[in-house]
Amino acid sequence: MSMELIISGLAALLAVAGGFFLMVAGVGVLRLPDAYCRSHALGKAMTLGIICILLAMGLAIPDLAWWKVALAVAFQLVTIPVASHLFCLIAYRRRLRRWSVSGWTLD
Amino acid sequence: MKTLLAAVYPLDWALIFLVGLAGAWRIVRGPTVLDRLLGFDALTVAVCALIAVHSIRTRTADYMELIIVVTGLGFFTTVAFFYYLIQTTPNSRSSSLDEPDRPAPGARKGDGA
């Protein structure tokens, strides 16, 4: 009984953390000034948030096979950074102007 | 203890819905086509997270394959669009990334072949 309570509380904590990190990534996609910065927010914070939510799903649902959760986590962990890297690569190829603290640079 | 997970559900739903709205706003208002593609990717991840939160709420394990399939759909859409973009973009850099068009910062003058 106590074990079930601990697992449920951990699942709730992971779900809240995942929602928080996803919101941070959404604010970054919405508010950052540059395509490079936006893909950076997408590639790091959003991966962390979706992995937290998938782990919470694996903890909260008893009849869920663990290899399916591991497969989904591995798939997210591969696909989102690769997509983020592709954005940065084609922005680099197109010579988009970059934002820095001292202002916009055209490279 | 089910009340704690039930209390988490609307909070997570609101946060992830904000992520989806941010992606949709980036699709509408992106200055370049890259920003629109990036907003689509954010929207796909938000859809995956909403499916996961919904299946936590209803305690079913039936949607796990749906999460994997939606992730694959978003990724392959992004890669296909990227392939189209990189074929239609006039390449303003050197054609091969292995041959930089300027010397490395640490290279001395006599180093080249």
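This is a predicted model: local features need pLDDT of at least 70, side-chain atom pairs count only at pLDDT 80 or more; totals for chains, interfaces and linings use all residues.
The C-alpha trace of chain A spans about 60 × 25 × 15 Å along its principal axes. Among the 107 residues of chain A, 41% count as buried. As for contacts within chain A at a separation of 6 or more, 66% of them link residues 24 or more positions apart.

The two chains meet through 45 residues of chain A and 44 residues of chain B. On the side of chain A that touches chain B, H1, H2 and H3 of chain A each provide at least two residues. H1(A) gives the most to that side, with 15 residues. Sorted by class, the side of chain A that touches chain B holds 32 nonpolar, seven polar and six charged residues.

Attention now turns to the nonpolar core. The largest such core contains 52 residues, and A:Leu22, A:Ile53, A:Ala56, B:Ala42 and B:Ala49 are those with the most contacts inside it. At least two residues of this core come from each of helix H1 (2–31), helix H2 (35–60) and helix H3 (66–93) of chain A, and likewise from each of helix H1 (2–29), H2 and H3 of chain B. H2(A) supplies the largest share of the core, 14 residues. Leaving out residues up to four places away in sequence, B:Ala42 touches A:Gly26, A:Val29, A:Leu42 and A:Met46 from chain A, along with B:Val19, B:Ala22, B:Gly23 and B:Arg26 from chain B.

Within chain B, the packing of two helices can be followed residue by residue. The axes of helix H2 (residues 33–58) and helix H3 (residues 64–88) of chain B come within 9 Å and cross at roughly 175°. Angles over 145 degrees count as roughly antiparallel, and H2(B) and H3(B) are therefore roughly antiparallel to each other. On the H2(B) side, the contact is made by B:Val33, B:Leu37, B:Asp41, B:Thr44, B:Val47, B:Cys48, B:Ile51 and B:Ala52. H3(B) contributes B:Leu66, B:Ile67, B:Val70, B:Thr71, B:Gly74, B:Thr78, B:Phe81 and B:Leu85 to the contact. Eleven nonpolar, four polar and one charged residues make up the contact of H2(B) with H3(B).

Two single residues complete the picture. B:Arg59 lies in the loop between H2 and H3 of chain B. Although B:Arg59 is not a glycine, its phi is positive, at about 60°. B:Arg59 is partly exposed, since 13 other C-beta atoms lie within 10 Å. In chain A, A:Ala74 is placed in helix H3. A:Ala74 counts as exposed because it has 11 C-beta neighbours inside 10 Å, the limit for this class being 12 or fewer. A:Ala74 and A:Ile51 are 23 residues apart along the chain, and their C-alpha atoms are separated by 9.0 Å.

Note on methods. Residues are numbered from 1 along each chain as its sequence is written. Chains are lettered from A and ligands numbered from 1 in the order in which they are written. Axes are lines fitted to C-alpha atoms, for helices over the stretch in contact, and angles run from 0 to 180 degrees between N-to-C directions. Helices (H or I, at least four residues) and strands (E, at least two) are DSSP runs, numbered from the N terminus. Angles under 35 degrees count as roughly parallel, over 145 as roughly antiparallel, 65 to 115 as roughly perpendicular and the rest as oblique. Two residues are in contact if their C-beta atoms, placed from the backbone, lie within 7 Å. Ala, Val, Leu, Ile, Met, Phe, Trp, Tyr, Cys and Pro count as nonpolar, Asp, Glu, Lys and Arg as charged, and the others, Gly among them, as polar. A nonpolar core is a set of buried Ala, Val, Leu, Ile, Met, Phe, Trp, Tyr and Cys residues joined through C-beta atoms within 7 Å. A residue is buried if 20 or more other C-beta atoms lie within 10 Å of its own, exposed if 12 or fewer, and partly exposed in between; C-beta atoms are placed from the backbone.
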